[in-house]
Amino acid sequence: MSLSRRTILKGAGTLPLAAGSFRLAAFAQTPLSAPGAAQVPPVLFVHGNGDHAALWITTLWRMESNGVPRDRMFAINFTDPLARTDDSVAQPNRSSTEDQRRELGDAIKELKRRTGASRVALVGNSRGGNAIRSYIKNGGAGDVSHAVLCGVPNHGVYDWDDGLGGEFNGRGSFLRGLNEGESEVTPGTSFLTLRSDGIDKYAQEDGRFVAKPGTPTGITAEGPALKGATNLVLGAVDHRETAFSPRAFREIYKFIAGREPDRIAITPEAQVKLSGHVTGTPGGVQTNRPVAGAAVEIYRVSPDTGERIGGAIHASQSAEDGRWGPAEVDPSWYLEIVLTSAGSTTTHFYRSPFPRSSDIVHLRAARPLGPTDAGAGAIVLMSRLRGYFGLPRDVVLLDGKEPADVKPGVPTDSVTTLRLSTAETGRAVVALFNQERIVARAWPASENRMTVAELTY
């Protein structure tokens, strides 16, 4: 690695209905007032491989808590968010780099139209940064004032002669094209990269996280840095926390707004409205394609027992575009969201209180019951969408025990599974991650049901 990447360098200056289409997700919160907040350029948030817009919920809440108007923030759902194995070879329900660049371009055009702004700021996590860089380099710099790349594998997850068609191969044509030249950024757009200090699983020298343990990747922790950009090391954050942590929010806001945020904490609303989309996994592949006719029920539950308090506070079916809601809830309520759709596992999501409104509370059914679940009376998952479980960095307890399926060291696991006997079906299960605590109920697997304690933070 050259010295230039070891230092901080200053640079110049909704859900799709069909493949290739997109929808911007807007937010229905009441913005706070802050000096100069309206001068912040419109911001488009771009998710990573296999993900969706909902991962940006806490970031958007923090932006609104600093006075950024709700109608100037949007998040894209790529139709097929998973990358192809070979970028030039079509795969069902997966996308190419060109698919991503095209959909991002359409979203930018629409955001500019809605706001009347001549330029927008882009914030991307992981693969989302590839689409951002590709759009800017291929003629889009005039549309983009700021580009924030969070945990983006800008020089690849690996740098090998094998698999040169892979999007994440630093030696492949896609990344070589983005990184060619004395500077690795496009003039006219201000670039910021945010990276981890060594615990990003996709910026590792050993190939164990790409199924080749013992094989050097040719990539180091400095891989996300770019010559010509402002490059910041956030500390001991994992791959997703480079985008979704409070630490990352501070740098995202400061870079785009040109000043420190007034607050990091999320300011609650008096009344909260929730809605989103139901998406599917055709052929076992995670997509943002809509699922119509899915039933969504929401219950208020006890924070101590997970038991329901009264009847359903919301019940609806997803429309043809996958949309469900809106539901009105109190910002202090713990919730159980039940998703039932044909051919899928009925999923009981237990959630901490929503302090603010969101219309990107996207729902995907839990994985199907598999051979490893045979004989289990109930299956409870603890899921962290906006980061990984780091041991011993984090407090991670499921049902009072540190999970055996969470590997220590570099954080790499975002889901842990608890299997209970038939005699334990229906009881309370406590999921504890640092300061977030969710009490869920163990629903019977015999009824094709699964419980998910879904962490917000």
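Visitor: How many positive and negative side chains does the protein chain have, and how far apart are the centres of the two sets?

Guide: This is a predicted model. Its protein chain has 51 positive and 49 negative side chains. The centres of the two sets lie 3 Å apart.

Visitor: What makes the protein chain as compact as a globular protein of its length?

Guide: Start with the content: 7 helices and 22 strands. The radius of gyration is 21 Å. The globule rule gives 23 Å for 457 residues. The two values are close, so the chain is as compact as a globular protein of that length. Along its principal axes, the C-alpha trace spans about 65 × 50 × 40 Å.

Visitor: Which strands form the open sheet of 7 strands, and in what order?

Guide: The order is β12-β11-β14-β15-β22-β17-β19, with mixed pairing.

Visitor: Why are β12 and β19 called edge strands?

Guide: Each pairs on one side only. Two strands count as paired if there are at least two bridges between them. β12 covers 314–317, and β19 covers 415–420. Neighbouring strands of this sheet are turned by 20° against each other on average, direction ignored.

Visitor: How do you know that β15 and β22 pair?

Guide: Count the bridges. The cut-off is at least two. Here 6 bridges join β15, residues 346–351, to β22, residues 449–455. The two strands run parallel. For a landmark, look at R351, which stands opposite E454 in β22.

Visitor: What holds strands of a sheet together in general?

Guide: They pair through backbone hydrogen bonds, either parallel or antiparallel.

Visitor: Which strands does β17 pair with, and in what sense?

Guide: β17 pairs with β19 in the antiparallel sense, over 6 bridges. A378 stands opposite L420 in β19. β17 is also joined to β22 by 5 bridges, and these two run parallel. There, V380 stands opposite T451 in β22. Both bridge counts, 6 and 5, meet the cut-off of at least two.

Visitor: Why is β17 said to be largely enclosed by the rest of the structure?

Guide: β17 holds residues 378–384. 7 of the 7 are buried, so the strand is largely enclosed. Take the two faces in turn. A378, V380, M382 and R384 point one way, and I379, L381 and S383 the other way. All of these are buried.

Visitor: What makes Y388 buried rather than exposed?

Guide: Its relative accessible area is 4%. Buried means under 20%, so Y388 qualifies. Y388 sits in the loop between β17 and β18. Y388 and R427 are 39 residues apart in sequence. In space, C-alpha to C-alpha, they are 26 Å apart.

Visitor: Why is A211 called exposed?

Guide: Its relative accessibility is 67%. Exposed means over 50%, so A211 counts as exposed. A211 lies in the loop between β7 (206–207) and β8 (212–216). Look at its backbone too. Phi of A211 is near 65°, a positive value in a residue other than glycine.

Visitor: What is the phi of N93, and where does N93 lie?

Guide: Phi of N93 is near 60°, again a positive value in a residue other than glycine. N93 lies in the loop between β3 (73–76) and α3 (97–115).

Visitor: How do you know whether T79 is buried or exposed?

Guide: Its relative accessible area is 1%. The limit for buried is under 20%, so T79 is buried. T79 also lies in the loop between β3 and α3. T79 and N93 are 14 residues apart along the chain. Their C-alpha atoms are separated by 8.4 Å.

How values were computed:
Residues numbered from 1 in each chain as written. Predicted model: local features only at pLDDT ≥ 70, side-chain atom pairs only at ≥ 80, totals over all residues. Heavy atoms only, no water. Helix = DSSP H or I, 4+ residues; strand = E, 2+ residues; numbered from the N terminus. Rg over C-alpha atoms; globule rule 2.2 N^0.38 Å. Lys, Arg positive; Asp, Glu negative; His and termini not counted. Charge placed at Lys NZ, Arg CZ, Asp CG, Glu CD. Axes fitted to C-alpha atoms, helices over the stretch in contact; angles between N-to-C directions. Buried < 20%, exposed > 50% of the residue type's maximum accessible area, 1.4 Å probe, protein only.
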